[in-house]
Amino acid sequence: MAEIDDVRPLGNSLERSYEVYVRGRLKFRVGQLVYVAFSLDGSVMGFAFPKEERAALVASDPTTFQLPSASDMRFNWVHADLAALDPEEARELVVDAWRMVVPQKVFRAYDAAHPADAD
């Protein structure tokens with residue numbers, strides 16, 4: 001079972017990433033782009049995810065992953081039930097979401113420094 005504290009240090013350590021609170025919700029940004037956000041109660045993690053792959057992700061495990069609200073379907077976004085994720089899987093989702101919002105040279109440097117984390 002993953003919790004916010006399992007991914008928070010990672011989100012704060014990724015290059016160009018910083019945390020903000022918006023209406024009481026913890027979010028991680030690169031510039032003005034939000035790549036991870038948590039529900040007020042910390043039970044759901046929303047994260048950047050390719051639009052063309054999200055239906056397959058949700059279909060693979062609908063108890064863990066859900067599509068965003070209808071008004072947010074235009075964004076590259078998926079929700080996950082943190083209780084259904086293990087901490088390592090949650091951290092992997094955070095890194096993958098971060099990769100979507102940073103320049104390639106930034107995530108390539110991260111991958112070179114963390115070869116076990118690279119795809």
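My notes follow, item by item.

I am working with a predicted model, where local features need pLDDT of at least 70, side-chain atom pairs count only at pLDDT 80 or more, and totals for chains, interfaces and linings use all residues. Residues are numbered from 1 along each chain as its sequence is written, and side-chain values use heavy atoms, with hydrogens and water left out.

**Core.** I looked up the largest nonpolar core and found 34 residues. Such a core is a set of buried Ala, Val, Leu, Ile, Met, Phe, Trp, Tyr and Cys residues joined through side-chain atoms within 4.5 Å. Buried means under 20% relative accessible area, exposed over 50% (1.4 Å probe, protein chains only). Tyr-35, Met-45 and Trp-98 are among those with the most contacts inside the core. Helix H3 (87-99) is one of the elements giving two or more residues. H3 supplies the largest share, 6 residues. Helices (H or I, at least four residues) and strands (E, at least two) are DSSP runs, numbered from the N terminus.

**Helix H2 (51-60).** Which residues of H2 are buried? I find Arg-54, Leu-57 and Val-58. They sit on the same side of H2 because they cover an arc of only 95 degrees around the axis; the arc is that of the directions from the helix axis to the C-beta atoms. On the other side of H2, Glu-52, Ala-55, Ala-56, Ala-59 and Ser-60 are exposed. The cover over the buried residues of H2 includes S4, strand S5 (65-66) and S6.

Conventions:
Contact = heavy atoms within 4.5 Å.
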